[in-house]
Amino acid sequence: MDGKAARSSRVGVELPTSGGGEVSTTEACKAILSAAVEATNPDAAAKVRGEKAWRQRYGRHLVGSVAQGASDAAAAVKMARAGIEYAEMHCTFTRGGETVALHKAVEAFAPRCAVSTATVHGTTPGSGLPDVPLGNGVNETGPLRYLSEKKFFATAKRWAAEGVCEGSALSAWEWVYANPAAWRTAFADTVFVVCGAGAAMGPLVPLLRLGATVAALDLPRQAVYDRLAAAAKATGGTLHAPVLQEAGNTTPGCNLTTDIPEIVAWLADLAPGKRLVIGQYAYADGGDFMRLSMAQDAVAQAVIRRRGAAEVALAYLCSPTDSFVVPKEARVDSVGRYAAWNVAGAAQVVINGLSRGAYMQPNYPAATAGTAGEHVVNCFVDQQGPNYAMAKRLQHWRCVAARAEGVVVSTNVAPAANTKSVTKNKLLAAGYGGAQFFPPLWVFPAETANHVMALSLLHDLFNTASKSHRAGGSPNDLFAEGAVHSGMWRAPYRLGSILETTVAAYYLNSAKYPLAAAGVAAYAYRAKL
């Protein structure tokens, strides 16, 4: 349900309800965001609550909230705590006809059954860091090849030089390769909990290839578990999965939104004496993503209470299509690209003018110079919708709040990737395919993205000088350092203002659908008027 109000009879996690007991994702989003913003800017919070065109304007309110904490670390932490605490208290968990606030679910409900463990041991021990998968062909999207360390770093240095990622990401990967003794022992004493183990984006396979112990949480579907088990067997890693002992069930897996007490009990007792890294990578469509985001958070917080903060770290992947405070040099690079006079520069003047300023907008508007939003990038894509944006914002807030409380937190901006969920949509696939004509935009093969983000995770967890351990400083460093943003931060144009253009560029280049390209351009032009 997207924005429509209805009474909920949902078992498990539910979003905040209105005064009449109805659930509306629009009202839930506005209530949660306004609670966060209220902590530092009551006037802005009132505008969020009063927004009548939420579906079209949610981005500007989220960008505004990022700007509020851009230069004030205390304000950023205060907002994060207010937002996540409101969500914890007003989201609910229902079982057996009884409903409690989500953060009380584990205390209110005992596990309904015992939970055993299914374990798969890999049969292919590795030696050292595995080669990095990368595609062949245009935009490196063809059949995979595997790069040695030398070839990988030659490629990674090109990414950094061209603006596909920040230089700090390259430095993180270099640390992992240069300091195996600094992380290998601690790595062996770590269990990586992967929520959404079957997701297209996540570190499960790269971690198993490194020989890690992974606790996989995904739905109890035999096909999903068989795929995960086969992946584990082909590596030197170990895979654990929960098996709920009820009604003759033998299928490993769990439902994160309904089985929270059982999952927490299982994780609390798993691998005593070892550190758990709880990675939150599960995804669902629409409002269910918000529910899933809060469910993963409830599990993580309950496990921290059971095992202690010293034995638990948190891990996330940020979407590049979001809003962040970026390094100063990223803005400077972007502004310079926009001002450059070349064929693209001539085209941008024409297209921007014909569309009345709707297309090919500057990534960093001149009006923001000298303001709190000067170094805030807006990479929101309206088509993804407010539910997706708020689900990710809830994770950002937890990162900031948890790090302020001393919890080790790894969170990194991951690149746009050619996952099946994207490529099955012809228009989205075309937009990704056309991104190559708008440098430095670069779309990664999913396997490459997962591998490099796993390297970033290792750096964050085991380098005690990393942002994930560092005391003080700006909470925005959690997201700015190590970002692999696919060039979105340094591109000359705001991402949302070139989507239709990238689609047209793809079709024109492919020479398969020239009329479709013209149709897309004409439709998009009319839609913007």
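This is a predicted model: local features need pLDDT of at least 70, side-chain atom pairs count only at pLDDT 80 or more; totals for chains, interfaces and linings use all residues.
Local features need pLDDT of at least 70, side-chain atom pairs count only at pLDDT 80 or more, and totals for chains, interfaces and linings use all residues. Residues are numbered from 1 along each chain as its sequence is written, and side-chain values use heavy atoms, with hydrogens and water left out.

**View 1. Ser323 is a buried residue.** Its relative accessibility is 1%, so Ser323 counts as buried (under 20% relative accessible area, 1.4 Å probe, protein chains only). The Ser323 side chain reaches the backbone oxygen of Val377 at 2.9 Å.

**View 2. Ser323 has several neighbours in contact (heavy atoms within 4.5 Å).** Leaving out residues up to four places away in sequence, Ser323 touches Val63, Val66, Val376, Val377, Phe380 and Arg393.

**View 3. The largest cavity has a volume of about 210 Å³.** A cavity is a set of points on a 1 Å grid over the protein atoms alone where a 1.4 Å probe fits but cannot get out, and lining residues have an atom within 4 Å of a point. The volume is the space filled by probe spheres set on the points, which are joined across faces, edges and corners. Fifteen residues line this cavity; Val66, Arg393, Trp397, Val400 and Asn476 lie nearest its centre.

**View 4. The second largest cavity has a volume of about 70 Å³.** Its lining has 13 residues. Nearest the centre of this cavity are Tyr281, Tyr316, Leu317, Met453 and Leu457.

Technical notes. Buried means under 20% relative accessible area, exposed over 50%, partly exposed in between (1.4 Å probe, protein chains only). A polar contact is a pair of N or O atoms within 3.5 Å; within protein, one must be able to donate a hydrogen and the other to accept it, and residues adjacent in sequence count only if both atoms are side-chain atoms. On a 1 Å grid over the protein atoms alone, a cavity is a set of points where a 1.4 Å probe fits but cannot get out, and a pocket is an open set with protein on both sides within 12 Å along at least five of seven lines; lining residues have an atom within 4 Å of a point.
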